[in-house]
Amino acid sequence: MRSCRGIAANRHRRHECITANGVIIKMKNRVSFAIFPCFFPETCYIPCRLIYLQGVAMPWKKIVVLLLIISVVHLVVIYGCVVASKTDVPGNVNALERVFERLFSAGENEEQDFKSPEKKNSALRVSPWLYGKNPVLPGNLKKQAAKAKSVMIVDLTSRRVLYEQNSREKVAIASLTKLMTLLVVSDQMQSSDKLALDNVVKISDAAASVEYPGLKRGSYTVKDLLYSMILGSFNDAATQLAITACGDVAGFVAAMNQRALDMGLAQTEFLDPSGLPQGDKRANSCASAADVLHLCEAVTKNPQLRKICSTARYTLSMGSKRRNGGGTTIGSGNQMINGRDVPGAFGFKTGFTNAAGRCVAFGVERNGRIIIGCITGYPSAGNNALFSFAVNLTNWAFEQDR
C-alpha cells in the first residue's frame, strides 16, 4: 500500500512520499535521498513533512537528524511490542495498540483513573507475570503435567513464568478459594475489632449447617478459625469468618469479588467463602492458575498470612475440639509442608471437589529465590501423585535460569 501527500499542489514541485517500505524524498521528480526503512509509516509522517517547508530543501545534516529521530521512534515501538507480548494482560488486545496507548495517552488515562471507581484501590492492582517460551520439561514431568487441567510455576523474584499449561484458562479451584477469604478477612481486620485474633466468636447456625464442617459447635478465637480454615480447610470456619467480617455470606462474597476486580484478576469469580459447589446446578468458584498465583503473592507479602499458610500443625485454644473425635490438633493437608518436609516450603493451600479435581498452590524459598506454583484438576485418586509432581516440578524450576 502507498500513501503520498504533496507539499505543493503542482506534482512537478518538491514533495515527499511515504510508502510501506520506506520514506522517499523527491525533488523535481528526481530522488534526492535513498529509501529509509519505515516499519510504522504513521510515526514518520510529521518528521518527513518538516524536511521540506514551503518548497525549500533543508540541509542534508538536518535531514539525517530527522531520520535518526524516526529510527529511535521505531526502536521504542518495537521494544514496547516485544515487552507487551510477554505479559498476561487480560483480553485479546493488540500489542501495538497497547504500546501507543501507553506512550501517547498517559495524561488522558491518568485523568480517567481519578474518576474511575475501579481505580480507587489501584494499590491492589497486580503486576503481570512475564510469559515467554517455556523451557522443555523432562519426559516424566510432561506425563504428570498432562494429567492436570492447568499448571503454572513462576519465579516470584523475577516474575518469569518458568512453565505454564492452560494457566490463563478459567477453571474450578475448590478450596483454593479460601486464599481470597484469608485476604479479605485480613483487609477487614484493619477496621473491625470483631476480627482481632483473640476475639472469641460463637459458631452460628448458618456456619454449622454448611457442607463438610470441621468444628464442633461452640466458641473459638478468630485465630482458631483462620488456622482451621487454611490447615484443615474447614468450611464452617470460613463461613463464620465471612459472617463475622461482613454480617452475612452474600456481603462477604461481594467483597471477595470486588477485591478480585481491584487486583485485576479477570478470570476469577467467587460464589462463596469456601469453594463449595453452589445451588441446584452446583456452580463453582473459578479462577485461572495465573490468578491463583497472584493471590499467593499477596499472601506472601503479608508476614502474618504467610505464617498461617506455612504452619504444619496447629492446636486449637480454649479446649475447642474438632468434629468426629478429631481432638484439638489440626494438620495441614499440604504435604509439601506437612509430611514431605520439602526444604524451604512455606505455603499455601489445597483443594478438592469432584468438579475441580485435586488442586494445590505452593511456595518454596531457597537461597533468597522464591518459586510459587499452582496445579488444578489433577485426578481425584492421585493425591500422593499430585504432591510428587509438585515437588519434582519445584526442584526442576530451581534448576532453571531466573
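Predicted model: local features only at pLDDT ≥ 70, side-chain atom pairs only at ≥ 80, totals over all residues.

Q: How much space lies in the second largest pocket?
A: The second largest pocket holds about 390 Å³ of space. It is lined by 20 residues, and those closest to its centre are S175, Y212, N235, L276 and F352.

Q: Which element gives the most to the lining of that second largest pocket?
A: Strand 15 does, with three residues.

Q: And cavities, how many of 30 Å³ or more are there?
A: The count comes to one cavity of 30 Å³ or more. The largest cavity has a volume of about 40 Å³.

Q: Which residues line the largest cavity?
A: The lining consists of I230, L231, C309, T311, S332, G333, N334, F348, K349 and T350. Two elements give two or more residues each to this lining, namely helix 8 (222-231) and strand 15 (345-353). Strand 15 gives the most to the lining of the largest cavity, with three residues.

Q: How does the lining of the largest cavity divide into nonpolar, polar and charged?
A: There are four nonpolar residues, five polar residues and one charged residue in the lining of the largest cavity.

Q: What is T350 in contact with, leaving aside its neighbours within four places in sequence?
A: T350 is then in contact with S175, L176, G333, N334, C359, V360 and F387. Of these, G333 and N334 also line the largest cavity, and S175 is among the residues closest to the centre of the second largest pocket.

Q: Changing topic to the sheet: what order do the strands have?
A: The order is 8-7-17-16-15, in an open sheet of five strands with antiparallel pairing. Strand 8 (160-165) and strand 15 stand at the edges with a single partner strand each, so one side of each has no neighbour in the sheet. On average, neighbouring strands of this sheet are turned by 5° against each other, with direction ignored.

Q: What packs on the sheet?
A: Helix 13 (residues 383-398) does, touching strand 7 (150-155), strand 8, strand 15, strand 16 and strand 17. The direction of helix 13 makes about 35° with that of strand 16.

Q: How many residues of strand 16 are buried?
A: Seven of the 10 residues of strand 16 are buried, which leaves this strand mostly covered.

Q: How many bridges join strand 15 and strand 16?
A: Eight bridges join them, in the antiparallel sense. The two strands are also linked by a hairpin through three residues. T353 has G357 in strand 16 as its bridge partner.

Q: Last one: which residue takes a positive phi in the hairpin of strand 16 and strand 17?
A: N367 does, with a phi near 55°. That hairpin has two residues between the strands.

Methods
Residues numbered from 1 in each chain as written. Heavy atoms only, no water. 1 Å grid on protein atoms, 1.4 Å probe; cavity = no way out; pocket = protein on both sides within 12 Å on 5 of 7 lines; lining within 4 Å. Points joined across faces, edges and corners; volume = space filled by probe spheres on them. Helix = DSSP H or I, 4+ residues; strand = E, 2+ residues; numbered from the N terminus. Nonpolar A, V, L, I, M, F, W, Y, C, P; charged D, E, K, R; others polar. Pairing = 2+ DSSP bridges. Axes fitted to C-alpha atoms, helices over the stretch in contact; angles between N-to-C directions. Contact = heavy atoms within 4.5 Å. Buried < 20%, exposed > 50% of the residue type's maximum accessible area, 1.4 Å probe, protein only.
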